[in-house]
Amino acid sequence: MDDPADRADRFELLAACEDDALARMANGVLESDPQLAVVQEPKPQLLMQQVREPVERRLFNLGEVVVTPAEVELGGARGFSMVPGKAERAALSGAIVDAAVAGDHPKQSELTAELERVADRHQTERREEWNESKHTAVEFETMEDDL
């Protein structure tokens with residue numbers, strides 16, 4: 001279960017949010033005109049994506065992916081977001097939402113509730129994808145144990 005109060009889970013939820021939803025949440029935070037400083041401008045960059053292969057459980061570099069990170073300071077709380085692709089607005093909005101949830105912003109409970117809805121939708125999508133693909137699972141037998 002993704003928990004918006006847990007920062008690692010929140011990063012995943014922010015990356016899974018739709019751009020418009022992030023912008024709407026960030027605009028709600030900015031309505032009260034809080035002190036905002038952009039620490040890292042949103043700028044697309046390449047990031048090496050690592051995955052764990054399932055047999056020997058070793059990490060390997062799958063390839064580079066385009067991501068857009070951003071970092072802000074909102075009323076003394078730091079916020080960070082990294083979203084897939086070239087998405088400057090979503091990255092900046094995500095960083096603002098992260099800072100608002102991390103700090104004691106008046107919209108904190110509203111933002112947490114919205115992120116919980118995203119978590120529920122995210123879990124439903126994962127479950128549906130698994131149900132669609134589980135019939136394609138292949139079981140391998142090795143002959144090494146028989147020798």
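## Arg57, out in the open

Arg57 is exposed, with a relative accessible area of 51%; exposed means over 50%, buried under 20% and partly exposed in between, using a 1.4 Å probe and protein chains only. You'll find Arg57 in the loop between strand 2 (45–52) and strand 3 (59–74). Strands here are DSSP runs of E with at least two residues, while helices are runs of H or I with at least four, all numbered from the N terminus. Arg57 isn't a glycine, yet its phi is positive, near 60 degrees.

A quick word on the source: this is a predicted model, where local features need pLDDT of at least 70, side-chain atom pairs count only at pLDDT 80 or more, and totals for chains, interfaces and linings use all residues. Residues are numbered from 1 along each chain as its sequence is written, and side-chain values use heavy atoms, leaving out hydrogens and water.

## Asp33, another positive phi

Asp33 sits in the loop between helix 2 (19–30) and strand 1 (36–40). Its phi is positive too, at about 55 degrees, although Asp33 is not a glycine. Asp33 counts as exposed because its relative accessibility is 66%.
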